[in-house]
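Visitor: I have a sequence and a model open on my screen, and I would like to talk through them with you. Could we start once both are in view?

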Amino acid sequence: MAEHTYRVLVRGRFAELTDEQRVALRERLEGFDFLRDAGFSEDGALTYDEKLDFFSYRVILTAEEKADEAGLRRAASALDELGVDFRGLKAKVTDMDEMKVNRPKRLG
């Protein structure tokens, strides 16, 4: 099987955050620019809002198969680095090599 490039979107919920964790997560939001920092990248991007309920993790992976599992592992690792608990991780995978590109038709 050939390698493909995947965009993986992982969604989940924070679980049982302490007051200290909430303060740390909100401090991390300061200076965060959603348009600049929240896109799909090879490093991955964890995003959430000040409500600290749901989050998403966006990553670009190059793999032969099982991009969803790799995306889930990467998201769990990013959350573990922050020292927070989570639940309900679900991954949605888009194979960028299989996407149909609609090119505009030339006029005239």
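Visitor: Let's begin with a pairing: which residue in β3 is the bridge partner of tyrosine 6?
Guide: This is a predicted model, and in it the bridge partner of tyrosine 6 is leucine 61 of β3. A second pair of bridge partners in these strands is histidine 4 with alanine 63, the latter again in β3.

Visitor: And in what sense do β1 and β3 pair, parallel or antiparallel?
Guide: Strand β1, residues 4–15, pairs with strand β3, residues 54–63, in the antiparallel sense, and ten bridges are found between them.

Visitor: What about β1 and β4, how many bridges there?
Guide: There are nine bridges between β1 and β4, and this pairing is antiparallel.

Visitor: How many bridges join β2 to β3?
Guide: Four bridges join these two strands, β2 and β3, which run antiparallel, and among the facing residues leucine 46 stands opposite tyrosine 57 of β3.

Visitor: How many of the ten residues of β3 are buried?
Guide: Seven of the ten residues of β3 are buried, and the strand is thus mostly covered.

Visitor: Switching to charges, how many salt bridges does a search of the whole structure find?
Guide: The search of the whole structure finds one salt bridge. Aspartate 53 forms a salt bridge with arginine 13, and the closest N and O atoms of the two are 2.8 Å apart.

Visitor: Which residues form the negative surface patch?
Guide: The negative surface patch is formed by Glu16, Asp80, Glu81 and Asp85. Of these, aspartate 85 has its place in strand β4, residues 85–95, and with a relative accessible area of 47% aspartate 85 is partly exposed. Glutamate 16 is found in the loop between β1 and α1 (19–29), and glutamate 16 counts as exposed because its relative accessibility is 74%, where the cut-off for exposed is over 50%.

Visitor: While we are on glutamate 16, what is its phi near?
Guide: Phi of glutamate 16 is near 45°, which is a positive value in a residue other than glycine. Leucine 52 is another residue other than glycine with a positive phi, in this case near 55°.

Visitor: Where does leucine 52 lie, and is leucine 52 buried or exposed?
Guide: Leucine 52 lies in the loop between β2 and β3, in a hairpin that has five residues between the strands. At 4% relative accessibility leucine 52 counts as buried, the cut-off for buried being under 20%. For a distance across the sequence, leucine 52 and glutamine 21 are 31 residues apart in sequence and 10.0 Å apart in space, C-alpha to C-alpha.

Visitor: Moving to the helices, where is the place of alanine 75?
Guide: Alanine 75 has its place in helix α3, which covers residues 67–82, and alanine 75 is buried, with a relative accessible area of 1%. Between alanine 75 and valine 59 there are 16 residues of separation in sequence, and the two are 8.6 Å apart in space, taken C-alpha to C-alpha.

Conventions: Residues are numbered from 1 along each chain as its sequence is written. This is a predicted model: local features need pLDDT of at least 70, side-chain atom pairs count only at pLDDT 80 or more; totals for chains, interfaces and linings use all residues. Side-chain values use heavy atoms; hydrogens and water are left out. Patches are made of residues with over 30% relative accessible area and no salt bridge: like charges are joined within 9 Å, nonpolar side chains (Val, Leu, Ile, Met, Phe, Trp, Tyr) within 5 Å. Accessible areas come from the Shrake-Rupley method with a 1.4 Å probe; for residues, only the protein chains shown count as cover. A salt bridge is a side-chain nitrogen of Lys or Arg within 4 Å of a carboxyl oxygen of Asp or Glu. Lys and Arg count as positive and Asp and Glu as negative; His and the chain ends are not counted. The place of a charge is taken as NZ of Lys, CZ of Arg, CG of Asp or CD of Glu. Buried means under 20% relative accessible area, exposed over 50%, partly exposed in between (1.4 Å probe, protein chains only). Two strands pair if DSSP finds at least two bridges between them.
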